[in-house]
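Here is a structure to look at together. One spot in it deserves a slow, careful walk-through.

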Amino acid sequence: MGLLPFAVRRALQLIPVLLGLTLIVFALQAVALGDPVRAAMGQRGDPEAIARIRADYGLDAPLWVQYGRYLGRLLRGDLGRSFRQQVPVADLIVERLPATVRLAVAAMGLAALLGVAAGVASAVTHGRMLDAAIMTVALLGISTPVFWLGMILILLFAVTLGWFPISGYGDGDWRHLVLPALALGALHVGYIARMTRGSLLEVLREDYLRTARAKGLREGVVLLKHGLRNASLPILTLMGIGIGDLLVGAPLTETVFAWPGLGRLLVTAVANRDLPVVLGATLLFALIYVAANFLVDCCYVLADPRIRLAGERR
Amino acid sequence: MRRAIGAGWTPAVLAVGLVLGVALPAGGESPRRGGAYQFSLGPSDPPSLDPAHVTDTTSHAVVSELFDGLVEFDPQMRVRPAIAERWEIAADGRTYRFFLRKGVRFQNGREVSAEDFRYSFLRVLDPKTKSERTWILDRLEGATDFLGGKTADVQGIRVRDRYTLELRLGERFPPFLALLAYPAAMVVPREAVEQAGADFSTRPVGTGPFRLTEWRRDDRLVLTANPDYFRGRPHLDRIVFRIIPEDLTRLQEFKAGTLHHSDVPAGLYQSIVADPALRGRLHSQSILGIQAVRLNVEVPPFAGNRKLRQAFNHAVDKEAFARVIMEGRVKPAAGILPPGMPGYSGGLAGYPFDRARAGQLLAEAGFPEGKGLPPLALHYNTSLTNRRLAEFVQAQLAEVGVKVELAALDWPAYLKLVDAGQTQMHRMGWIADYPDPENFLTVLFHSRNIGARGNTSRYRNPEVDALLDRADRTMGEAERVRLYQQAERRIVEDAPWIFLNYYSTDLLVHPAVRNLLEQLSPMDSSPTVSLVQMRLVWLAE
């Protein structure tokens with residue numbers, strides 16, 4: 001099977017997944033979030049006004065009718081209007097995309113740089129003190145709660161040293177990006193470092209590297225050109241899926257650093273029972289996840305023909 | 001007609017206590033022009049900058065810098081002129097005639113007239129607007145019919161001439177003037193509303209001292225001084241409202257000097273008091289609010305059993321609650337009207353903590369040492385502080401033999417249950433909508449307001465109803481106070497609530513800030529300080 005048929009087949013498989021997702025999210029929110037109009041009226045709600053506003057939003061219709069209407073609007077590309085802010089959900093999402101993409105790319109860039117470097121250093125010092133130290137730090141990166149790490153970074157680099165702003169987006173100034181990207185990327189530094197080390201150690205045992213060394217190539221060239229390149233497939237896979245994670249917004253990081261991204265949009269919408277925003281953002285997140293996985297699969301097929309053949313045999 | 005400007009409740013209002021004070025600005029300083037004042041509005045953006053849709057303090061804080069109404073509150077919560085230069089109230093107490101200032105201009109350059117107020121009020125009452133605050137204006141004569149679609153006009157709103165507006169109520173209601181200070185009664189220009197449609201909420205055009213120049217959602221709103229403001233250009237060049245969801249981050253921003261004021265995160269009050277660098281910047285004050293566990297007096301075991309309800313009140317140590325659970329930030333409550341509210345006298349004994357008396361009353365109620373009482377459910381809306389509150393009450397009632405089971409719910413689901421009267425006991429706070437006892441006593445205890453309108457303990461007492469009805473319509477202040485106090489005493493005796501605490505608020509203020517604290521009123525809560533007029537605030541550096 002070629003790449004195109006493979007991609008088309010995978011894309012078609014996504015339709016029922018997304019449809020099922022809208023149904024699950026709609027049902028969950030309808031049950032869990034209660035009546036958003038009543039909540040918005042505060043403790044002094046005029047029952048007639050509540051009923052009128054609910055009717056205007058179509059919230060008095062049976063749930064299945066509301067769901068049907070929602071799907072109908074969705075097919076026309078209309079994500080609805082925010083209950084709370086009265087602006088189109090699509091606008092709210094589009095406004096936050098640049099901040100989210102910026103943060104995700106910066107976090108993944110940092111994670112890739114630091115993670116691969118740490119993984120390579122760890123692999124070449126396999127079994128020694130440095131290896132153990134790097135792996136311990138990587139484990140810490142994976143297991144440190146992002147909220148706590150964020151606060152520590154703020155205290156150290158913003159409050160004490162004053163190198164970076166504490167929070168906010170600023171005017172797009174890179175200094176605002178550093179601490180949230182570090183906090184968000186820390187988890188992935190750990191993952192990438194461990195994956196790089198494992199993968200590189202496997203490759204380093206291969207015969208062709210011994211041959212390369214025997215030919216008199218410098219160790220750096222052996223390691224980077226022959227070793228790392230061949231070990232890179234699982235690392236790239238991890239990063240591909242990881243970028244999906246990061247784009248989904250890392251709500252905690254965005255909350256600690258007051259970063260105006262998509263994750264925070266969802267958190268705020270849930271807190272405010274803003275159903276159209278919750279549905280719109282969740283759907284987008286699902287799309288990003290699914291798209292990231294889809295791209296990784298396609299990359300696999302491109303990079304390693306054996307995967308494609310395996311698919312054919314099934 | 002008689003003049004009514006400054007009619008007020010000053011002595012009671014001035015009784016509001018400052019628990020801790022910060023140094024007031026040195027006398028003789030003259031205001032300095034310029035600078036950008038930064039503070040965080042809290043966790044999320046204002047939902048709407050359209051005055052017709054403002055229901056929260058976050059939106060209120062921004063809208064009150066962009067728009068004006070006929071009147072406004074001064075720091076003592078007296079109603080003072082804004083766009084109305086003066087007003088007259090007819091002897092029947094139902095007709096209000098407002099004389100507008102000339103030369104007040106919208107930010108699009110057009111002069112404001114009485115017709116603009118008529119348009120703005122009709123817009124709020126028009127069902128098509130879907131305003132959540134129709135109750136601000138629905139006492140106007142004919143408003144209910146207009147709301148119900150029966151008439152095309154509201155007879156209680158009349159334009160006498162270009163600068164004179166007459167409002168007539170269906171029946172007398174002395175707090176009406178205070179209602180006109182709220183966003184729903186602020187003036188908007190018809191042409192801008194019609195042009196922007198639903199987007200008026202994000203492209204507001206008012207008469208205010210500042211205009212909106214930037215709004216990046218979840219990040220910041222920037223307001224820039226309006227040089228043509230009818231009361232003169234503000235001292236500040238800009239106000240930057242930051243949106244910082246995490247309270248610890250807000251505190252760090254304040255410490256770093258990037259916020260000019262901030263709130264105090266829950267759980268950190270004592271550490272801030274102990275911190276020499278922050279202690280001097282902390283300002284605490286009472287606000288008009290009360291928190292209680294409300295007992296559903298329509299269901300067993302509380303229905304028809306006043307002694308049981310009184311026993312519960314005596315069984316809970318409110319002093320300990322205020323000190324331990326609320327970190328010493330609030331005062332224990334003896335009654336309903338909070339300090340600073342007209343009618344508050346401090347003279348109510350309430351229900352002092354007395355376990356022996358609680359035991360005795362329990363026995364008289366038919367439940368000696370709690371025997372015969374099934375486990376009772378105490379509902380609360382999910383939050384850490386509320387959970388601690390519920391656990392505290394549970395533990396205190398357990399000491400007199402009463403078993404309480406706790407149930408936490410998210411706010412909308414909680415409200416649904418509470419509105420429907422499906423709880424036995426539930427926690428609820430109440431902050432004043434306007435500084436009048438009617439807003440506490442009538443809204444929360446009159447039988448016509450049972451359920452979603454405010455009376456969630458479903459208290460019903462015809463004598464209290466009659467007292468409140470009389471008080472609500474009485475024009476003389478002293479007589480009104482007397483009637484409300486009488487009603488409050490009766491309600492407290494009936495003990496439909498376990499009265500826990502009056503609220504207070506804490507604010508950290510940067511030393512360069514001038515004329516902020518002087519303007520704080522007991523209806524201002526941090527960090528929004530929605531009633532402070534930022535045009536009068538200035539920065540000394």
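What follows is one request and one connected answer.

Q: Please take a close look at Arg217(B). Where is Arg217(B) found, is it buried or exposed, and which residues is it in contact with? After that, please show me chain A and some other spots in chain B.

A: Happy to. First, a word on reading this: the model is predicted, local features need pLDDT of at least 70, side-chain atom pairs count only at pLDDT 80 or more, and totals for chains, interfaces and linings use all residues. Residues are numbered from 1 along each chain as its sequence is written, chains are lettered from A and ligands numbered from 1 in the order in which they are written, and side-chain values use heavy atoms, leaving out hydrogens and water.

Arg217(B) sits in the loop that links β10 (210-216) to β11 (220-225) of chain B. Helices (H or I, at least four residues) and strands (E, at least two) are DSSP runs, numbered from the N terminus. With a relative accessible area of 9%, Arg217(B) is buried. Here buried stands for under 20% relative accessible area, exposed for over 50%, and partly exposed for what lies in between (1.4 Å probe, protein chains only).

Now for its partners. Setting aside neighbours within four places in sequence, Arg217(B) is in contact with Gln85(A), Val87(A), Leu92(A), Glu95(A), Arg96(A) and Pro260(A), as well as Asp45(B) and Thr202(B). Contact means heavy atoms within 4.5 Å. With two of these partners, the side chain of Arg217(B) makes polar contacts: one to the side chain of Glu95(A) at 2.5 Å, and one to the side chain of Gln85(A) at 3.1 Å. A polar contact is a pair of N or O atoms within 3.5 Å; within protein, one must be able to donate a hydrogen and the other to accept it, and residues adjacent in sequence count only if both atoms are side-chain atoms.

Chain A has 14 helices and zero strands. Its C-alpha trace spans about 85 × 60 × 30 Å along the principal axes. Of its 314 residues, 47% count as buried. Among contacts between residues at least 6 apart in sequence, 70% join residues at least 24 apart. Chain A exposes about 15,400 Å², and carbon and sulfur atoms supply 69% of that area. Such areas come from the Shrake-Rupley method with a 1.4 Å probe; for residues, only the protein chains shown count as cover.

Met77(B) lies between β4 (71-73) and β5 (79-81) and has a positive phi of about 65° although it is not a glycine. Met77(B) is buried, at 4% relative accessible area. Asn515(B), in the loop between β20 and β21, also has a positive phi without being a glycine, about 70°, but it counts as partly exposed at 25%. The loop from β20 (513-514) to β21 (538-539) also holds Pro527(B), which is joined to Ser526(B) by a cis peptide bond with omega about 0°. Another cis bond runs from Pro300(B) to Pro301(B), with omega near 0°; Pro301(B) is in the loop between β14 (282-295) and α10 (306-315).

Strand β19 (residues 497-509) of chain B carries Tyr502(B), which is buried at 5% relative accessibility. The side chain of Tyr502(B) reaches the backbone nitrogen of Ala334(B) at 3.2 Å. Tyr502(B) and Ser286(B) are 216 residues apart along the chain, yet 7.7 Å separates their C-alpha atoms.

Finally, a helix pair. In chain B, the axes of α15 (residues 438-445) and α16 (residues 462-473) come within 10 Å and cross at roughly 140°. Axes are lines fitted to C-alpha atoms, for helices over the stretch in contact, and angles run from 0 to 180 degrees between N-to-C directions. The contact brings together Glu438(B), Leu441(B), Thr442(B) and Phe445(B) of α15(B) with Asp465(B), Leu468(B) and Asp472(B) of α16(B). These residues divide into three nonpolar, one polar and three charged. Ala, Val, Leu, Ile, Met, Phe, Trp, Tyr, Cys and Pro count as nonpolar, Asp, Glu, Lys and Arg as charged, and the others, Gly among them, as polar.
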